[in-house]
Amino acid sequence: MNNEDNLERMLRASLRHEVTRDAFRLEGLEKRVATELSGRVPRGSVWDSLKRIIAPTSRGRAAQLAVVGVTALVFMVLGAFIGNRLSPIMVFNGGRHSIQSAVSASGETSALFVMPAPGAKSVAVVGDFNGWTPTPLSDPNNDGIWTARIPLPPGRYEYAFIVDGHWWGQDPLADGYVHSFGSYNSVRYIGRVGKGA
Amino acid sequence: MHIRSVAVALVAVAVTACLALGAVVTPNDVYHALDKIPLTHRAEIVHAFGVGFSLGRLVPDRTLRLVDRLAADKGTTADKEGILLTIANALENDLPVTLLIDKTEEGLARNVPLYVILNGSGGAVRILGLVQREKVLAAVRDLLYAKGIFCISHAGQATATSLPITRFDRIVTEVADVLCDYVESGASPLDGHLIYQRVQTRLENLSQLKQPTILPEDAALVLARIKPGDLTAVLLKVLG
Amino acid sequence: MYHTQDEVSLLRASLAGDTEAWGEIVVRYKEAVFGLCLGFLRNRADAEDLTHDTFIRAYENLRRYRLDKRFSTWLFTVAANLCRNRLRHRRYHPVVAPPEQMSGGVDPATIIAREARHERVRAGLDSLPYGYRAPLVLRYYNDLSYKEIAEVLSLPEGTVKTRIHRAKVMLKEKIEQNQNGVMRYEQRG
């Protein structure tokens, strides 16, 4: 058994070693591929695949409609939950909702972070306000909506969620997004004049 | 459940007490922490950090956290020293370093290899390293000087165009950050108007906060003197 | 290395003709695909070619990818098919290992011992028939489950398990042979 583990370890190490020493060959591959593909568009769409998954065997339109209806209902329930959580501090801003901040009686500002992640084992928020060290969100009633309220002085903040170890940089409730290290971070302004009170 | 609540409360009290009674982090703690990394340019780094602490550009507890994280990272000593030297170099060059520290911490949180944090990556998706970010900071600072906006020492008298170091640093940091974000989004440095628009949005947003992090008059001064072409020139200078 | 939560957005953008988004997919998977090709073909230049071809072919056929499958498994299937075709048309040329670079601070004796160990495994892998090497690479380099390997290679799951077991036995024998050979040589010297 021990010998077996040893063999597996050696095998893994050797295969990895071969790739690492030749990794320089992959330098700029993405650019070469992108250049070669420039102007070409694959046919079909992922949305088509999604439709196939939604109704892989259904023959009738009624079955498809039922699946779409149930999916819509799930989204509506989820939306209602989030809406319910946010309503005390939600501000409508030219049709675009934003939840930057709440101001306490003492004048201190804070931010509410919300992440719908049903079934997740852990959810945390990292950002420039906590030195990118995880601050955990909680879901005390197990409805899949994880939240944390963090006191923050007025300012512009970049952040992301970490859901079961995965970086989630596009918070639907953010004011905007920036590219960083090849993926996204969310941006939120806390303490805007005339908002969030 | 009740026992757990009591336990949590006790831990919270203990942590608060420790924080209240615990020693404040000093520059010396940072220098001791540097010993965990076998540095070949330790003296230079310590000297530059000393300048940073005295000007308020470095904060001991945050710097200590960075050094500790770097020491614990599995990257090479050369890359760790490269990151510290880039920050030290920026301080020696009279530049703010919060942007560099912040990007390093973010990179560490994302498990990005130290050499990418330091040198960036030039693939289809462009990632700016600390080295390029330091150049952007210097180019923005030089642009402000060229436009007659200066930084004064603590002792000097502030005027409309000579700003105290914290206000000046803040402008340099925010403008440089906008430029770096712009480059990483893959957009063209030649679109000066687009870059200017982003700088304008950022400065105006920050000047309209309840406690503005950039004063409205500083934002107005910078936006009046900088032209879109200047921002393109900065990026072309830095990116070659 | 980087987190992959926005993979679906990237694939969607790629389908709309955004080759930069596809470039990001290439960045994320190029090492895994290269490792697969190198493991299968045992030739660096061929592996490099086929890594490139895999991303071109996958982009062209992206509409065939179904979201209910892991994208990586689908991508590896494209790569595995290309490798199989290449082997049909060409006898494989084993990997020629370049000399290890002596990095500062590492004891040369340690590097040599490590190299010798890698060399024994490499020689063992070279000697395995393709049908046994391929599942081994997918299992121990690409970290796929038996089920996923079966999917990539179009084999029944039971066959995959048997082949991996047999491949390990063969590899172990090969490594031991090589090791004894080295020891005999050292004793003679």
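# A guided tour of chains A, B and C

Start by selecting C:R42, which is found in the loop between α2 and α3 of chain C. Keep in mind that this is a predicted model. Which value does phi of C:R42 take? Phi is near 60°, a positive value in a residue other than glycine. Is C:R42 buried or exposed? C:R42 counts as buried, because 24 C-beta neighbours lie inside 10 Å, and 20 or more are enough for that label.

**Stop 1: the rest of chain C**

Now select chain C from end to end. How many helices and strands does chain C have? There are eight helices and zero strands, so a walk along the sequence gives the pattern α-α-α-α-α-α-α-α. Chain C has 189 residues, and 38% of them count as buried. Look also at the contacts in chain C with a separation of 6 or more: 69% of these join residues 24 or more positions apart.

**Stop 2: where chain C touches chain A**

Show chains C and A together. Here 48 residues of chain C are in contact with 43 residues of chain A. On the chain C side, the elements that give two or more residues are α1 (7-15), α2 (19-41), α3 (44-60), α5 (108-127), α6 (130-140) and α8 (157-188). Which of them gives the largest share? Colour α2(C): 13 residues of this side come from there, the largest share. If you colour this side of chain C by residue type, you will find 22 nonpolar, ten polar and 16 charged residues.

**Stop 3: chain A and its loop**

Hide chain C for a moment and look at chain A. There are four helices and eleven strands in chain A. Of its 197 residues, 29% count as buried. Among the contacts in chain A with a separation of 6 or more, 54% are between residues 24 or more positions apart.

Next, select A:D164, in the loop between β8 (155-163) and β9 (166-168) of chain A. A:D164 has a positive phi of about 45° although it is not a glycine. Is A:D164 buried or exposed? A:D164 counts as exposed, because it has 12 C-beta neighbours inside 10 Å, and 12 or fewer is the cut-off for that label.

**Stop 4: chain B and its helix α6**

Switch to chain B, with twelve helices and four strands. Of the 240 residues of chain B, 40% count as buried. Residues 24 or more positions apart make up 70% of the chain B contacts with a separation of 6 or more.

Zoom in on helix α6 (residues 98-109) of chain B, which has twelve residues. From its first C-alpha to its last, this helix reaches 16 Å, close to the 16 Å expected at 1.5 Å a residue. How many residues of α6(B) are buried? Eleven of the twelve are, so this helix is mostly covered. Among the buried ones are B:L99, B:L100, B:I101 and B:A109. Just after α6(B), click on B:N111, which takes a positive phi of about 60°.

**Stop 5: B:V116**

Move on to B:V116, in helix α7 (residues 114-119) of chain B. B:V116 is partly exposed, because 19 other C-beta atoms lie within 10 Å. Leaving aside neighbours within four places in sequence, B:V116 is in contact with B:S121, B:I127 and B:G129.

**Stop 6: the cores**

Now look for the largest nonpolar core, which has 63 residues. Those with the most contacts inside this core are B:I87, B:L137, B:V140, B:A176 and B:L179. Helix α9 (residues 165-184) of chain B gives the largest share, ten residues. Where does this core lie? Domain 1 (24-119) and domain 2 (123-240) of chain B both give residues to this core, so it lies between them.

Click on B:L179. Apart from neighbours within four places in sequence, B:L179 is in contact with B:V136, B:V140, B:I195, B:L231, B:V234 and B:L235. A second, separate core has 53 residues, including A:V19, C:V33, C:A47 and C:Y65.

**Last stop: helix α11 of chain B**

Select B:D218, B:A219, B:L221 and B:V222, which are buried in helix α11 (residues 216-225) of chain B. They cover an arc of only 160° around the axis, so they sit on the same side of α11(B). The buried residues of α11(B) pack against β4 (162-164), α9 and α10 (192-207) of chain B.

Note on methods:
Residues are numbered from 1 along each chain as its sequence is written. Chains are lettered from A and ligands numbered from 1 in the order in which they are written. This is a predicted model: local features need pLDDT of at least 70, side-chain atom pairs count only at pLDDT 80 or more; totals for chains, interfaces and linings use all residues. Two residues are in contact if their C-beta atoms, placed from the backbone, lie within 7 Å. Ala, Val, Leu, Ile, Met, Phe, Trp, Tyr, Cys and Pro count as nonpolar, Asp, Glu, Lys and Arg as charged, and the others, Gly among them, as polar. The expected span of a helix is 1.5 Å times one less than its number of residues. A nonpolar core is a set of buried Ala, Val, Leu, Ile, Met, Phe, Trp, Tyr and Cys residues joined through C-beta atoms within 7 Å. Domain bounds come from an automatic or database domain assignment. The arc is that of the directions from the helix axis to the C-beta atoms.
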